[in-house]
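Subject: Model for your files

Hello,

Here is the model I said I would pass on. My notes on what was found in it follow below.

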Amino acid sequence: MKRLLSFFLCFGILLIWSSCRNDFEFTPSKGNLGFAKDTIYLDTVFTNIGSSTYNLKVYNRSDDDIVIPTIQLEKGVNSRYRMNIDGTTGLEGAQEGKFFEDVELLAKDSLFIFIETTIDISTLGGLENQFLYTDKILFDSGNDQQDVDVVTLVKDAVFIYPNKDEDTGIIETLSFDVDGDGTPDETTLQGRFLEDDELTFTNEKPYVIYGYAGVGAGKTLTIEAGARVHFHAESGLMVTNNASLTINGQLSTDQEALENEVILEGDRLEPLYEDIPGQWGTIWLFNGSENNTINYATIKNATIGVLSEGDQDAPNDKLTIRNSQIYNVSSFGILGRATSIKAENVVINNAGQSSFAGTYGGKYNFTHCTIANYWNNSFRQFPALLLNDFIVDENNTVFTNSLTEANFNNCIIYGNDNPEFLLENEGEVFNYKFTNCLLRFDNNNLQGNGNYVFDDETFYVDNVFNQSPDFENPFENMMRIGENSGANGIGNSSFASQVSNDILGESRTASPDAGAYQSIVFEED
């Protein structure tokens, strides 16, 4: 009993002693904070569009618990930046997110400062289309003051977005003749048709599109050389009945800046999103659109790069695409449905399904194209190239349509799977031909199929199988071929004379290689 009484007495004294301790006496910081970086770069943002959230880690490397008297933005309430420190926004009112007092930081501990911005470039002064906006985060004051720079490049832009009903909050949707009966049909696609004064995209400012920008009947959208078009999530271009799209890019001297190409991509400008597939919808060439042309364009990070539907028997090809690149699409690079496409010097790579799919028949002529697929983000169901002549409805009823022609001349069709082309037909008219191509096909299960009789010159002429294309770095979309490529010198001179220069403007007539590029000698690292 005495032992038990003694235990509770000692335990009570211990509790009283520990409750009286002042283990967390904070002393003012003395200008010896540590920082993970001396400058926070918020990358590039469009005017009036909120940035991503960036962070700064602040360290107390001393043995003392400290209190930082003030943390604030140098421009105070006028700063376009806003901060959050470990979940708090600081003082209320105008100084919220701008000014913090008595921030405690334990010995050998750290805290996070989160920072973001929304900037209206028109309030910054000057006539520039882009502006470097800066501020500082100040820690303490006087002789103990430390600071970290904050930098953002702000770009002006032309914004195209659907109207929103202020009372109901309903966003405008596109209405046009979907079923070809001559009367407009309501759709669920958010967006609006471009006005006449919006039908030319220049290179003066980038364009940012929310929803689908529609090209109305009888209209043509012209995109000039050097233009930059950015799409928000689930956005794109819709070219409707009797309308056209003309992309007039030109060869660039700087293959990194691509100053003369037209670039179409998502609206997230941070490096993290540079190569993320599926950030926006598609360029949709709807049934009835006509004479669409794309030259020197880079289309990247879409769901489907180009979707072309219908009009396979039109007097002119529905889509003519030349000297263009399509990369990092979550579904198809180019998807054709009973349509007609002419392609020259086109490079397609990294698609979640097929890089090119000609489905439900159609008419396709590809010359000196590189159709590759080195997708490694997930399992893909289809090869780089898919051709079929049928669709199956929800009742499993099969409908067929003629594949009147599908010619691949002096092309590379390759990837990190095997085989990399698939031919499926249910109807009677299924015309295809591969001439002087480098092909990846080594699958014994399919070679018994009548579509894969490689010595039948009705369908296959002078092709090379399963030799490495020696791409520079296909996983990074660097698709030039080296001196050891199986595509070297295998091109047919007649087809080469029709497309006499490669995608970079190099002559190919003397000794044509297959694909969009003439081979080079790679520099050693």
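**Notes on the model**

Arg 268 lies over the face of Tyr 273, at 4.2 Å from the ring centre. The charged end of Arg 61 is likewise placed over the ring of Tyr 59, 4.5 Å from its centre. A charge sits over a ring if NZ of Lys or CZ of Arg is within 6 Å of the ring centre and within 35 degrees of the ring normal.

This is a predicted model, in which local features need pLDDT of at least 70 and side-chain atom pairs count only at pLDDT 80 or more, while totals for chains, interfaces and linings use all residues. Residues are numbered from 1 along each chain as its sequence is written, and side-chain values use heavy atoms, with hydrogens and water left out.

**Aromatic pairs**

Rings of Phe, Tyr and Trp (its six-membered ring) pair if their centres lie within 6.5 Å; planes under 30 degrees apart count as stacked, over 60 as edge-to-face and the rest as tilted. The count by this rule is 29 aromatic pairs. Tyr 432 and Phe 459 are stacked, because their ring centres are 4.7 Å apart and their planes are at 25 degrees. Tyr 432 is in the loop between strand 35 (421-424) and strand 36 (433-435), and Phe 459 in the loop between strand 37 (438-439) and strand 38 (460-461), so the pair ties together parts that are 27 residues apart in sequence. Strands (E, at least two residues) are DSSP runs, numbered from the N terminus. Tyr 432 has 4% relative accessibility and so counts as buried (under 20% relative accessible area, with exposed over 50% and partly exposed in between; 1.4 Å probe, protein chains only).

**Cores**

A nonpolar core is a set of buried Ala, Val, Leu, Ile, Met, Phe, Trp, Tyr and Cys residues joined through side-chain atoms within 4.5 Å. The largest has 74 residues, and Phe 356, Leu 387 and Phe 408 touch the most other members. Strand 27 (residues 332-351) gives the most to this core, with 8 residues. A second, separate core of 29 residues includes Leu 33, Ile 66, Met 83 and Ile 137. Leaving out residues up to four places away in sequence, the contacts (heavy atoms within 4.5 Å) of Phe 408 include Phe 356, Leu 385, Leu 387 and Lys 433.

**Strands**

Two strands pair if DSSP finds at least two bridges between them. Strand 30 (residues 385-388) points Leu 385 and Leu 387 one way and Leu 386 and Asn 388 the other, and all are buried. Strand 28 (residues 356-367) runs parallel to strand 30, joined by 3 bridges, and Phe 356 stands opposite Leu 385. Strand 30 is also joined to strand 35 by 4 bridges, again in parallel, with Leu 386 opposite Leu 422.

Elsewhere, an open sheet of 4 strands has the order 2-4-8-6 with antiparallel pairing. Its edge strands are strand 2 (34-35) and strand 6 (81-85), each of which pairs on one side only. Strand 2 pairs with strand 4 (residues 54-60) over 2 bridges, and Phe 35 stands opposite Val 58.

**Two loop residues**

Thr 282, in the loop between strand 21 (262-266) and strand 22 (283-285), counts as buried at 5% relative accessibility. Its side chain reaches the backbone oxygen of Ile 304 at 2.7 Å. Gly 125 is in the loop between strand 8 (109-117) and strand 9 (130-139) and counts as partly exposed at 38% relative accessibility.

Regards

Methods
Polar contact = N/O pair within 3.5 Å; in protein donor to acceptor, adjacent residues only side chain to side chain.
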